[in-house]
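Dear colleague,

Here is the structure for your files. My notes follow below it.

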Amino acid sequence: MNLLNPKSDFVTVNGIRLHYLDWGGTGAALIFLTGMGSSAYIFNKIAPRFNDKFHVLALTRRGQGDSDYPETGYDADTLIEDIRQFMDS
């Protein structure tokens with residue numbers, strides 16, 4: 001896997017499809033979360049710096065980037081559930 005070109009994929013959680021990037025690595029998962037309308041690609045320069053100690057992922061949250069844009073579900077409880085289900089997957 002080229003660290004500047006991470007694995008790009010989707011996961012269906014909480015009834016929607018979310019985009020994520022995977023830079024690989026070993027150890028516990030380290031998940032970068034997007035904000036302010038960004039996609040997981042915003043972490044492309046810093047994420048690879050951590051994969052010597054962690055399995056590094058970045059999640060593009062609902063309503064951002066290539067993830068689904070549902071009409072509802074932007075309350076804190078639903079957003080947290082998206083992340084929890086992503087972690088379980």
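Among contacts (heavy atoms within 4.5 Å) in the protein chain between residues at least 6 apart in sequence, 62% join residues at least 24 apart.

This is a predicted model, in which local features need pLDDT of at least 70 and side-chain atom pairs count only at pLDDT 80 or more, while totals for chains, interfaces and linings use all residues. Residues are numbered from 1 along each chain as its sequence is written, and side-chain values use heavy atoms, with hydrogens and water left out.

Helices (H or I, at least four residues) and strands (E, at least two) are DSSP runs, numbered from the N terminus.

Of the 89 residues, 37% count as buried, meaning under 20% relative accessible area with a 1.4 Å probe, protein chains only.

Ser 67 lies in the loop between strand 4 (55-60) and helix 1 (76-88). Ser 67 is buried, at a relative accessible area of 3%. Its side chain reaches the backbone oxygen of Thr 60 at 2.5 Å. Beyond neighbours within four places in sequence, Ser 67 is in contact with Arg 17, Leu 18, His 19, Thr 60, Arg 61 and Arg 62.

Regards

How values were computed. Buried means under 20% relative accessible area, exposed over 50%, partly exposed in between (1.4 Å probe, protein chains only). A polar contact is a pair of N or O atoms within 3.5 Å; within protein, one must be able to donate a hydrogen and the other to accept it, and residues adjacent in sequence count only if both atoms are side-chain atoms.
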